[in-house]
Amino acid sequence: MELSTYLTFLACVSFIASANASILESNKLAIVILSQKEGYNAAHADYLRKNIYEQDDALEGELPHVVLSHELDIKGSWTIVPLLTHLSNEFPDVEWFFFCLENTVIRLEKLLNVLGKFSSSENVWIGHMLYDREPTIIHHFARHTKRFRYPHMASGFAMSATLLKSLSKRVSEGKEPKADFSIDVSYEFATFVLNSTGAKLTHVSKLCIVSASDCATYPRFFHSCSSSVAPENIYFAVKTCAKFHLDRIPVVKKSWAKYDLNIGYFSDAADKNLREAYIVPNTTKGHCAKTYAILQEASKILKKRNFDWLAIVDDDTIFSVVRLLNLLTCYNPKHAVAIGERYGFRMWDSHYGYQYLTGGAGVVLSAPLVHLMVEPGACTCPSATTPDDMYLFGLCLLRLGVEGVHSSMFHQAQPVDYPNAYLASQEPISFHRFWSVDPKAVYNDWFAEVDKVLPLAEASKHTEL
């Protein structure tokens, strides 16, 4: 063999060896799926686990470790921090931990290739970077902006074992985050990582927002489970008060409520121009008595008209009826089900912390759950001004043994409060608040096109204010 040919051969062998060395072994990876107990969500997480194992069989490697967080039964696991100590102890030989959601698509070989390019012996974490364009309410108006990166959860993020163990040690020392509210887990966890270790998220484009041929991961868009739930199977309760009759209710009636829906307006005052109104008590804050009164009246309506679902929304909630109906195809209305956007209160407190569904984004309850909540003594408000969503859709559900279902398609804030890339990877159901925006434009931009398949209401049904 000539010298030049031999040197070429050695170079090829060296390149192949180097390439193979950069591929992480499957059994050195733990994939943590942040899953939920409800049937549809648990089934999606289990499908992802099986798919990962099937891919590994094709690669003929040892199986990666796959963890479904809901099966661990660790309180507050969705905030990630409570999982760290368990993961550190359970998988001492793992080099990388990959966190994702039920709807994350994982191409295992590509993911192993991505991880192989980084050192697990350093404090490293990688993901698809998000950042705030400006201070936002969901991040407590912090002024991090572009200087602060946090991962897109549905694309997933990976963390070296070295970094995870460092964070686990902080938790064991009692130095975990102690904020009162958990609102955006991705942002809050990134803040914990930065404050604890100084590690900043490294952006990796192959952890994608939308599917492409070179993506190692990407979010799967929601697909309904069957033909859409019919509008006549759901009752919409709009929570309002007299001072908003003239500026908010017309917006509602000219946007999502212009269709032929079963809808009632729950206010503290009668109004000749609001003939669908029910009178309920009102307070300047908290509104627990008001929302409980809505539940009581709605329970009667659901029984009388045999509705399957109740949607309670604020008079400044804008949403897509069609997308909501499509989501409900995946849940059994005969079971006790509550769906919305999940927040947490003092989740670091293992005894008294709890999660709840935030009201402004809209909350959907199955009829059996509504009836259960209004049984004597089941959910009676401690006071009229108790925060309604925290108590009724948090503590009360906890007492009843019902875990609220989180959907990232519900939004407590306005579109401007979320990164563009985040919204681009989903089909939003709701937004909330009319502050400094044109709510009709929000509806037209985000929801009007998909909702136009619904029949319009008769003019007599929605008298304009």
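## Two strands that pair

Two strands count as paired when DSSP finds at least two bridges between them. With that in mind, let us look at this predicted model, starting with a pair of phenylalanines. Phenylalanine 181 has phenylalanine 345, in S18, as its bridge partner. The strands they belong to, S9 and S18 (residues 342–345), run antiparallel to each other and are joined over two bridges.

How is the chain divided into domains? The domain assignment gives domain 1 as 26–219 and domain 2 as 234–452. Taken over C-alpha atoms, the centres of domain 1 and domain 2 are 30 Å apart. At their interface, 28 residues of domain 1 are in contact with 34 residues of domain 2.

The size of an interface is often given as the accessible area lost when the parts come together. Here the area buried between domain 1 and domain 2 is about 2,700 Å², and carbon and sulfur atoms give 56% of it. On the side of domain 1, Lys75, Trp78 and Arg133 lose the most area to domain 2, together making up 22% of what that side buries.

## Polar links and salt bridges

Between domain 1 and domain 2 there are 14 residue pairs in polar contact, counting pairs with both residues at pLDDT 80 or more. Helix H2 (39–59) and S9 each supply at least two residues of the domain 1 side that touches domain 2.

Side chains of opposite charge can pair when their charged atoms come close. How many salt bridges does the rule find across the interface of domain 1 and domain 2? The rule finds one. In the whole structure, the search finds 11 salt bridges. Another joins aspartate 46 and arginine 49, where the closest N and O atoms are 2.8 Å apart. Aspartate 46 and arginine 49 are three residues apart in helix H2, so about one helical turn separates them.

## The six-stranded sheet

A further open sheet has six strands in the order S2-S1-S3-S8-S5-S10, with mixed pairing. Its edges are strand S2 (65–68) and strand S10 (202–203); each has a single partner strand, so one side of each is left without a neighbour in the sheet. Within this sheet, strand S3 (residues 96–101) and strand S8 (residues 157–160) pair in the antiparallel sense over four bridges. Here too two phenylalanines meet: the bridge partner of phenylalanine 99 is phenylalanine 157, in S8.

Helix H5 (residues 108–116) packs on this sheet, touching strand S1 (29–34), S3, strand S5 (125–127) and S8. The direction of H5 makes about 115° with that of S1.

Histidine 140 is not a glycine, yet it has a positive phi of about 60°. You will find histidine 140 in the loop between strand S6 (129–130) and strand S7 (150–151). Serine 436 also has a positive phi, near 45°, and it sits in the loop between strand S22 (430–432) and helix H14 (439–446).

Key: Residues numbered from 1 in each chain as written. Predicted model: local features only at pLDDT ≥ 70, side-chain atom pairs only at ≥ 80, totals over all residues. Heavy atoms only, no water. Domains from an automatic or database assignment. Contact = heavy atoms within 4.5 Å. Buried area = accessible area lost by both parts, 1.4 Å probe. Salt bridge = Lys/Arg side-chain N within 4 Å of Asp/Glu carboxyl O. Polar contact = N/O pair within 3.5 Å; in protein donor to acceptor, adjacent residues only side chain to side chain. Axes fitted to C-alpha atoms, helices over the stretch in contact; angles between N-to-C directions.
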